[in-house]
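Thank you all for making the time this morning.

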Amino acid sequence: MSLDYQILATLSNPLIKEILHTIVKKKSVEFRQLASDTVDPSEALQALEILKRAELIKETSSPIDAFKTYYVTASGLQADRLIKG
Amino acid sequence: MLDAEIAAIIALPLSSLIVAIQVTQASNSSLQRAIRGPTLLYFLIVFVGNVFTTFLAAATTSQTIPAGVAPAWFWYAFLGVFGFEAILKNLNLTFAEIGVLSINDWITKAKDAAVADVIEVDVMHKLQMANALAAKLKTLPAHELNAHVSNILGNGQVAALDAAAIAESADPLLMKALALAKGNYKAALAISPN
């Protein structure tokens, strides 16, 4: 199994890796649950955008950003398994 | 009918059971939502593999299975189905220049596709239900909605959600209705107006 170099580079960022792992573990997470005391909301949002562009996660629409739900894709499951070794 | 053929037929419900357990567990979803195209494709791949290893078990273990404990077809089906994953993971064989390990990768990809599809369906279903409930809760008088938020989500949540609504320039009533619907769906359903 191989991962795209671009995805590997993306996942070299510890915050992005951690957020992907959290979403994989919980299958789907709301933004307000991710942007907690330990993670700055703007940094979390940036990491989620990168993960979305890499097609490792998807997002549901919501009239309120805090309630947007992020969930893992098949590529996200594969990427998380491979980076965990 | 030969024992090996009966065993191959028994592999069908056993494969269904394994795929159902794997997909529902990995997606945290119900079996009802898991019965979809990608899951059926994954099932087909697992079933074909299980039938192959069932025939392999029949061809290689017919002289060594314990007599009188269970019929031969049971042993072949059991060894074939439950041995399939072990064989794929532990043997580094090549068949027609295709590595068995790459077949394992193939199966994993099919499983990931099935699990991700079920997760998506589950997320969309829950979202639809929560949005529909929030639309009803939003029609409650503000003081009543605030009381329910305090009771169901805890003290201090009204102020926190009001502050969050101001920060996002969002409707505070919608913010609280969504928080209730997503925070505790069953309790929120019980207090929703008809």
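How many residues of chain B are in contact with residues of chain A? Please keep in mind that this is a predicted model, and that what I say about it is computed from that model. On the chain B side there are 18 residues in contact, and they meet 18 residues of chain A. The elements of chain B that give two or more residues to this side are helix H5, residues 100-137, helix H7, residues 157-168, and helix H8, residues 172-183. Of these, H5(B) gives the most, with 9 residues. If we sort the side of chain B that touches chain A by class, we find 11 nonpolar residues, 2 polar residues and 5 charged residues.

Let me now step back to chain B as a whole. Chain B has 9 helices and 2 strands, and from the N terminus on, its elements run α-α-α-α-β-β-α-α-α-α-α. For its 194 residues, a compact globule would have a radius of gyration near 16 Å, whereas the value for chain B is 26 Å. The C-alpha trace of chain B spans about 80 × 40 × 25 Å along its principal axes, and 30% of the residues of chain B count as buried. Among the contacts in chain B with a separation of 6 or more, 72% are between residues 24 or more positions apart.

How is chain B divided into domains? There is a domain 1, covering 3-119, and a domain 2, covering 138-191, and the centres of these two domains of chain B, taken over C-alpha atoms, are separated by 48 Å.

Helix H6, residues 142-153 of chain B, packs against H7(B) at an angle of about 115°, and their axes are 8 Å apart. From H6(B) the contact uses Asn146(B), Val149(B), Ser150(B) and Leu153(B), while from H7(B) it uses Gln157(B), Val158(B) and Leu161(B). By class, this contact of H6(B) with H7(B) has 4 nonpolar residues, 3 polar residues and no charged ones.

That brings me to chain A and its sheet. In chain A there is an open sheet of 3 strands, in the order E1-E3-E2, with antiparallel pairing. Its edge strands are E1, residues 28-30, and E2, residues 57-59 of chain A, each of which pairs on one side only. On average, neighbouring strands of this sheet are turned by 25° against each other, direction ignored.

Which residues in E3(A) are the bridge partners of Glu30(A) and Ile57(A)? E1(A) is joined by 3 bridges to strand E3, residues 69-72 of chain A, and there the partner of Glu30(A) is Thr69(A). E2(A) is likewise joined to E3(A) by 3 bridges, with Val72(A) as the partner of Ile57(A).

In a regular strand, the side chains alternate between the two faces of the sheet. In E3(A) both faces are covered, with Thr69(A) and Tyr71(A) buried on one side, and Tyr70(A) and Val72(A) buried on the other.

Technical notes. Residues are numbered from 1 along each chain as its sequence is written. Chains are lettered from A and ligands numbered from 1 in the order in which they are written. This is a predicted model: local features need pLDDT of at least 70, side-chain atom pairs count only at pLDDT 80 or more; totals for chains, interfaces and linings use all residues. Two strands pair if DSSP finds at least two bridges between them. Helices (H or I, at least four residues) and strands (E, at least two) are DSSP runs, numbered from the N terminus. Axes are lines fitted to C-alpha atoms, for helices over the stretch in contact, and angles run from 0 to 180 degrees between N-to-C directions. Two residues are in contact if their C-beta atoms, placed from the backbone, lie within 7 Å. Ala, Val, Leu, Ile, Met, Phe, Trp, Tyr, Cys and Pro count as nonpolar, Asp, Glu, Lys and Arg as charged, and the others, Gly among them, as polar. The radius of gyration is taken over C-alpha atoms; the globule rule is 2.2 Å times the number of residues to the power 0.38. A residue is buried if 20 or more other C-beta atoms lie within 10 Å of its own, exposed if 12 or fewer, and partly exposed in between; C-beta atoms are placed from the backbone. Domain bounds come from an automatic or database domain assignment.
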